[in-house]
Amino acid sequence: MDRRTWGAVLVVVVIVAALTVPNLAGRRVEGTATRIPIADPPQVGDCLLDDPTGNRSVLDYTSVEIYAATTGPCGQENYGEVVSVTMDARCSR
């Protein structure tokens, strides 16, 4: 083999070693898995503090859109007041 072939083989060996050696011991992720707390449903008398039109969708699938509008105490600027909280019977299983 000539020098170019040995050089190419050496470059390939170094790249393969650089990609595999750090992963031999396995990848560790520090910390503990915890669930994110889910906010309580809005209460009657709370005000919508965000745009409720759905322009800022949290999840957007092909047929399901879930909108998240923050609610809180009524102040100077709001989009409306919650007057009723009902269960969507179509989503119950």
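In what order do the elements of the chain run from the N terminus on? They run α-β-β-β-β-β. The model is predicted, and the mean pLDDT of the chain is 78.

**Confidence**
- A pLDDT of at least 70 is reached by 76% of the residues.
- Helix α1, residues 3-20, has the highest mean pLDDT among the elements, at 93.
- Strand β2 has the lowest, with a mean of 54.

**Sheet**
- Three strands form an open sheet in the order β4-β1-β5.
- The pairing in this sheet is antiparallel.
- Strands β4 (71-72) and β5 (80-81) are the edges, and each pairs on one side only.
- In general, strands of a sheet pair through backbone hydrogen bonds.
- Strand β1 covers residues 47-48 and is joined to β5 by two bridges.
- Cys-47 has Glu-81 of β5 as its bridge partner.

- Val-44 sits in the loop between α1 and β1.
- Is Val-44 buried or exposed? Val-44 is exposed because its relative accessible area, 58%, is over the 50% cut-off.
- Leaving aside neighbours within four places in sequence, Val-44 contacts Val-82, Val-83, Ser-84 and Val-85.

- Asp-51 belongs to the loop between β1 and β2, the latter spanning 57-60.
- Its relative accessible area is 22%, so Asp-51 counts as partly exposed, a class that lies between 20% and 50%.
- Asp-51 and Gly-80 are 29 residues apart along the chain. Their C-alpha atoms are separated by 9.7 Å.

- Which residues form a nonpolar patch on the surface? Met-1, Trp-6, Val-9 and Val-13 do.
- Together these four residues have about 450 Å² of accessible area.
- Val-9 lies in helix α1.
- The relative accessibility of Val-9 is 35%, which means that Val-9 is partly exposed, between the limits of 20% and 50%.

**Whole chain**
- The chain has 93 residues, of which 4% count as buried.
- Its accessible surface comes to about 9000 Å². Carbon and sulfur atoms hold 58% of that surface.
- Among contacts with a separation of 6 or more, 65% are between residues 24 or more positions apart.

Notes
Residues are numbered from 1 along each chain as its sequence is written. This is a predicted model: local features need pLDDT of at least 70, side-chain atom pairs count only at pLDDT 80 or more; totals for chains, interfaces and linings use all residues. Side-chain values use heavy atoms; hydrogens and water are left out. Two strands pair if DSSP finds at least two bridges between them. Helices (H or I, at least four residues) and strands (E, at least two) are DSSP runs, numbered from the N terminus. Buried means under 20% relative accessible area, exposed over 50%, partly exposed in between (1.4 Å probe, protein chains only). pLDDT is the predictor's confidence in each residue, from 0 to 100. Patches are made of residues with over 30% relative accessible area and no salt bridge: like charges are joined within 9 Å, nonpolar side chains (Val, Leu, Ile, Met, Phe, Trp, Tyr) within 5 Å. Accessible areas come from the Shrake-Rupley method with a 1.4 Å probe; for residues, only the protein chains shown count as cover. A salt bridge is a side-chain nitrogen of Lys or Arg within 4 Å of a carboxyl oxygen of Asp or Glu. Contact means heavy atoms within 4.5 Å.
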